[in-house]
Amino acid sequence: MENIIKITYKKDAIIKAEELSILFKSSGIKRPVNDLDRLQRMIENADVLITAWDNGKLVGIARAITDYSYCCYLSDLAVNKEYQSKGIGKELVRLVQEHIGEEASLILLASPIAMEYYPKIGFEAIDNGFIISRKR
């Protein structure tokens, strides 16, 4: 008999920097995984934090910064590689959209390896973006 995975989604769940580090490492996303103080600030300063859980194990996260009226920047969308291709990322994005409402645009910067993924879950590419990169 096949194992059935029941994912639970939570808004504003309390998570630790260590849990986020493990998730980022297991997802393949490039983040400062060994800088736990920085990860903790990333958690604390997010306006939107929606998580995906499998029996108490953090397996996905959507972390965003927003004004709730015009735009929302999706700064992290990460899913443990063992759980990818199961609709978890798409559901996390849907829950972010539901939370921020219809007035706010959802924007993100995609890593080169995720460029083909985002159109599959409803994002459209834009050519009018700019960035001043972080120093560290």
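The model is predicted. Its largest nonpolar core has 24 residues, and its largest pocket holds about 1300 Å³ of space. Two aromatic pairs are present.

**Nonpolar cores**

- In soluble globular proteins, nonpolar side chains tend to be buried together.
- Within the largest core, the residues with the most contacts are Leu-74, Leu-77, Leu-92, Val-96 and Leu-106.
- At least two residues of this core come from each of β2 (48-54), β3 (57-66), β4 (71-79) and α3 (88-100).
- The helix α3 gives the largest share of this core, with six residues.
- Apart from this core lies another one of 15 residues, including Ala-17, Val-33, Leu-39 and Ile-61.
- Leaving aside residues up to four places away in sequence, Leu-92 touches Tyr-9, Ile-50, Thr-51, Ala-52, Gly-60, Ile-61, Ala-62, Leu-77, Ala-78 and Val-79.

**Aromatic residues**

- The structure has two aromatic pairs. In one of them, the rings of Tyr-117 and Tyr-118 have centres 5.3 Å apart and planes at 70 degrees; the pair counts as edge-to-face because the angle is over 60 degrees.
- Tyr-117 has a relative accessible area of 32%, so it is partly exposed.
- Tyr-118 has a relative accessible area of 12%, which is under the 20% cut-off, so it is buried.
- The rings of Tyr-118 and Phe-123 also form an edge-to-face pair, because their planes stand at 85 degrees, with the centres 5.5 Å apart.
- Phe-123 is buried, as is Tyr-118.
- Tyr-117, Tyr-118 and Phe-123 together make up one aromatic cluster.
- Elsewhere, Lys-10 lies over the face of Trp-53, at 5.0 Å from the ring centre.

**Largest pocket**

- Rolling a probe the size of a water molecule over the atoms shows where empty space is left.
- The lining of the largest pocket consists of 44 residues.
- Nearest the centre of this pocket lie Ile-29, Arg-31, Leu-77, Ser-111 and Tyr-118.
- The elements α2 (36-44), β3, β4, α3 and α4 (117-120) each give at least two residues to the lining.
- The strand β4 provides the largest share of the lining, seven residues.

Notes. Residues numbered from 1 in each chain as written. Predicted model: local features only at pLDDT ≥ 70, side-chain atom pairs only at ≥ 80, totals over all residues. Heavy atoms only, no water. Phe/Tyr/Trp six-rings, centres within 6.5 Å; stacked < 30°, edge-to-face > 60°. Buried < 20%, exposed > 50% of the residue type's maximum accessible area, 1.4 Å probe, protein only. Lys NZ or Arg CZ within 6 Å of the ring centre and 35° of its normal. Core = buried A, V, L, I, M, F, W, Y, C linked by side-chain atoms within 4.5 Å. Helix = DSSP H or I, 4+ residues; strand = E, 2+ residues; numbered from the N terminus. Contact = heavy atoms within 4.5 Å. 1 Å grid on protein atoms, 1.4 Å probe; cavity = no way out; pocket = protein on both sides within 12 Å on 5 of 7 lines; lining within 4 Å. Points joined across faces, edges and corners; volume = space filled by probe spheres on them.
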